[in-house]
Amino acid sequence: MSLAVLYSRALSGIQAPLVTVETHIANGLPSFTIVGLPDTEVKESKDRVRAALQNAQFKIPAQRITINLAPADLPKESGRFDLPIALGILAATGQIPKDKLDQYEWAGELALTGELRPIHGALAMTYNASQSGRSFVLPQQNAAEAALVNKATIYAAKSLLQICAHLSGREPLQIYKNLLENNTETGDSAYPDFDEVKGQTHAKRALEIAASGGHSLLMIGPPGTGKSMLAARFPGILPPMTEAEALESAAIQSLSYGSFNISNWKRRPFRSPHHTASGVALVGGGSHPRPGEISLAMHGVLFLDELAEFDRKVLEVLREPLESGKITISRAARQAEFPAQFQLIAAMNPCPCGYLGHPSGKCHCTPDQVARYRARISGPLLDRIDMQIEVPAVPQEELMRQHTAAEKSNAIRARVTKSHQRQLDRQGKTNSRLSVKEIDQHCTIDSASETLLKQAISRLNLSARAYHRILKVARTIADLSSAEKISNQHIAEAVQYRRLDKQ
């Protein structure tokens, strides 16, 4: 019987469901048919496969060729199915042995010469293949990325002929070894250092708290006060990534157009989209859903500079993922879910001209203009931002001072890592991810702190969400000082980081 069965992977959100590639050769008028809900890229593979087989000196049967990509209701896209389709034709016609085909999963786009071209999503597919117990064969350019999955068995090939020689036993492929050293964690030189920022002690303290507990932060201040500098240095004080976090972050970046950059392994992603970005660019989308900026910042930082200049409808899409840590993209034909556990750092000017409160007194904005400007950011979104601080202009004498004894990032990072580990040991997650029940359990306060918090709620008209966020920030401040219980001092400092609630 002229039938061959191979295995490959599709992509559906972060998942990579198994696809069975069935090839059947039958008598009849010569034809080449691909069924199983193929996209245009997959339909075009028959021309690439035909040319690749001819240029590799293989015979193409002048018969009826039917390729079935099962399951039939799962959309198939991209050129990754070229390789299993070509191998299926060769196996069904007896040009290569098919006794070992079920031991592997295959993915790769074919050039017309028979060379293999890289694909996207290799890391996500390899992770799922490792769970099935099969080895994964893919292009040489994707091997280093796929080998980040420690349990996976990877074979890297440059061409169709190389794979055929492996299956025939003439020149077996070697298992690809991950040459990346596991100690490539973010070092002191990976990011700019905090000691380059002069002054802004209050802002640095707030960023340390935000890094320790995973809290979102909004910085408000005139132009040139160092908001962007502080944000760019923020990833350098975050705790080191675990193996699981690094793998999940890399898998998301692998799904975007272009492969994951292996040099970024175990480095916290830092995404900074322009304020003209659309809602789809921010959360993801498309006919075949791709991750957006909030997912590409997985376990890292999403920095939104000039927050008030973003379209209001674009900013509103952040409300749900800030709470849930995931985003579900629904389209008429399919639905995809991407994780979105990012840390939001935002910056904005205090008024349209930007100089409200500046020592120069250059601001001439009216109260109505200021109110309209700040109203571009909705109350519900502001309510979801844990910390809101002012970043004032740096005094001239401080700015012109040549040598300052500013603290370096590695010293701040050491305190953040210690506090972060304290949270993991106590509750298994950062303070920003605590549920209401967990807040009641881990954020208990004494009577004096309760009195202070009641006064803050009354004077600032805080919502229930803001109340819980103050408790979580206070818990982080207590962890930084190695305190078992939240004190009056911790609550007072946490309330100070609700800047816009005082307007």
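This is a friendly dialogue about how to read a predicted protein model.

Biologist: What should I know before I start?

Modeller: The model is predicted, so local features need pLDDT of at least 70 and side-chain atom pairs count only at pLDDT 80 or more, while totals for chains, interfaces and linings use all residues. Residues are numbered from 1 along each chain as its sequence is written, and side-chain values use heavy atoms, with hydrogens and water left out.

Biologist: How many helices and strands does the protein have?

Modeller: Helices (H or I, at least four residues) and strands (E, at least two) are DSSP runs, numbered from the N terminus. Here there are 21 helices and 18 strands. The C-alpha trace spans about 85 × 50 × 45 Å along its principal axes.

Biologist: What share of the residues is buried?

Modeller: Buried means under 20% relative accessible area, exposed over 50%, and partly exposed in between, using a 1.4 Å probe and protein chains only. In this protein, 53% of the 503 residues are buried.

Biologist: Which residues of helix H4 are buried?

Modeller: H4 covers residues 122–132, and eight of its eleven residues are buried. They are Ala122, Leu123, Ala124, Met125, Thr126, Asn128, Ala129 and Ser130. Their packing partners include strand E1 (3–9), strand E8 (135–139) and helix H9 (243–255). After H4 comes Gly133, with a positive phi near 90 degrees.

Biologist: What do the buried residues of H2 pack against?

Modeller: In H2 (residues 45–55), the buried residues are Ser45, Arg48, Val49, Ala51, Ala52 and Leu53. They pack against several elements, among them strand E3 (31–35), helix H1 (40–43) and helix H6 (160–168). Just after H2, Gln57 takes a positive phi of about 70 degrees.

Biologist: How do I read a contact, and which residues does Glu77 touch?

Modeller: Contact means heavy atoms within 4.5 Å. Glu77 sits in the loop between strand E4 (64–70) and helix H3 (82–92). Not counting residues up to four places away in sequence, Glu77 touches Leu11, Asp39, Glu41, Val42, His120, His288 and Arg290.

Biologist: Why is Glu77 called buried?

Modeller: Glu77 is called buried because its relative accessible area is 3%.

Biologist: Where is Leu381, and what does Leu381 touch?

Modeller: Leu381 lies in helix H15 (residues 379–384) and is buried, with a relative accessible area of 2%. Leaving out residues up to four places away in sequence, Leu381 touches Leu315, Glu316, Leu318, Arg319 and Leu322. Leu381 and Leu322 are 59 residues apart along the chain, yet their C-alpha atoms are separated by 9.1 Å. Glu316, in helix H12 (residues 312–316), touches Ser378 as well as Leu381, again not counting residues up to four places away in sequence.

Biologist: How can I see where empty space is left?

Modeller: Rolling a probe the size of a water molecule over the atoms shows where empty space remains. On a 1 Å grid over the protein atoms alone, a pocket is an open set of points where a 1.4 Å probe fits, with protein on both sides within 12 Å along at least five of seven lines; lining residues have an atom within 4 Å of a point. A volume is the space filled by probe spheres set on the points, which are joined across faces, edges and corners. The largest pocket holds about 780 Å³ of space.

Biologist: Which residues lie nearest the centre of the largest pocket?

Modeller: Of its 38 lining residues, Gly214, Phe342, Thr430, Ser432 and Arg433 lie nearest the centre. Elements that give two or more residues to the lining include helix H7 (201–213), strand E17 (343–348) and helix H20 (464–480).
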